Amino acid sequence: MFIRAYQSSDCNELAELFYNTVHTVNAKDYSKEQLDVWVPGQMDLDNWNQSFQEHESMVAVDDGVIVGFGDIDSEGYLDRLYIHTDYQRRGIASALCDYLEQAVRGNVVTHASITARPFFERRGYEVVKEQQVERKGIFLTNYVMIKDRK
């Protein structure tokens with residue numbers, strides 16, 4: 001496995017990985033209704049591509065297959081970190097997170113799902129608050145978490 005910078009040509013594959021991962025891995029912690037508003041079938045790929053280009057965005061590749069991705073903005077907000085359903089628990093998220101955390105100065109903040117919270121806690125992130133995020137009238141629980149790097 002190796003990690004490389006995001007390319008615009010990755011966007012469609014990342015959107016598919018994102019959809020499949022959320023609807024499979026996060027299904028143990030969220031209802032189908034919640035998953036459907038979190039990641040609907042159709043995504044605005046132009047907006048996603050622009051967001052990836054504005055952030056430090058990295059892609060993990062194994063044997064020619066994109067197995068994970070993550071991005072962080074210049075202020076230290078770790079926006080996305082998703083690993084292909086068939087490649088969970090192989091150190092890919094840790095490798096991506098290591099790279100992303102080193103790409104910025106200061107603290108790192110993320111909004112972690114119920115599913116991702118234990119991963120971030122093992123990395124030294126602390127829950128600042130639990131929140132309910134509303135999407136199309138449906139509420140999803142997540143956690144504002146911070147890694148203090150002072």
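The following exercises, each with a worked solution, concern a predicted model.

Residues are numbered from 1 along each chain as its sequence is written, and side-chain values use heavy atoms, with hydrogens and water left out. Because the model is predicted, local features need pLDDT of at least 70 and side-chain atom pairs count only at pLDDT 80 or more, whereas totals for chains, interfaces and linings use all residues.

**Exercise 1. Describe the surroundings of Leu81.**

Step 1. Leu81 belongs to strand E4 (residues 77-83); helices (H or I, at least four residues) and strands (E, at least two) are DSSP runs, numbered from the N terminus.

Step 2. With a relative accessible area of 16%, Leu81 is buried. Buried means under 20% relative accessible area, exposed over 50%, and partly exposed in between (1.4 Å probe, protein chains only).

Step 3. Residues up to four places away in sequence being left out, Leu81 touches Phe69, Gly70, Ala93, Leu96, Cys97, Phe119 and Phe120. Contact here means heavy atoms within 4.5 Å.

Step 4. Val59 is 22 residues from Leu81 along the chain, and their C-alpha atoms are separated by 9.8 Å.

**Exercise 2. Characterise the largest pocket by its volume and its lining.**

Step 1. The space in the largest pocket is about 1200 Å³. On a 1 Å grid over the protein atoms alone, a pocket is an open set of points where a 1.4 Å probe fits, with protein on both sides within 12 Å along at least five of seven lines; lining residues have an atom within 4 Å of a point. Grid points are joined across faces, edges and corners, and the volume is the space filled by probe spheres set on the points.

Step 2. The lining comprises 44 residues, and Trp38, Leu81, Tyr82, Ser113 and Ala116 lie nearest the centre.

Step 3. E4 gives the most to this lining, with seven residues. Among the elements that each supply at least two residues are helix H1 (11-25), strand E5 (108-113) and helix H5 (117-122).

Step 4. Sorted by class, the lining has 25 nonpolar, 11 polar and eight charged residues. Ala, Val, Leu, Ile, Met, Phe, Trp, Tyr, Cys and Pro count as nonpolar, Asp, Glu, Lys and Arg as charged, and the others, Gly among them, as polar.

**Exercise 3. Determine whether Gln34 is buried or exposed, and identify its contacts.**

Step 1. Gln34 is located in helix H2 (residues 32-38).

Step 2. The relative accessible area of Gln34 is 17%, so this residue is buried.

Step 3. Beyond its neighbours within four places in sequence, Gln34 is in contact with Ile138, Phe139 and Leu140.

Step 4. A polar atom of the Gln34 side chain lies 2.7 Å from the backbone oxygen of Phe139.

Definitions and conventions:
A polar contact is a pair of N or O atoms within 3.5 Å; within protein, one must be able to donate a hydrogen and the other to accept it, and residues adjacent in sequence count only if both atoms are side-chain atoms.
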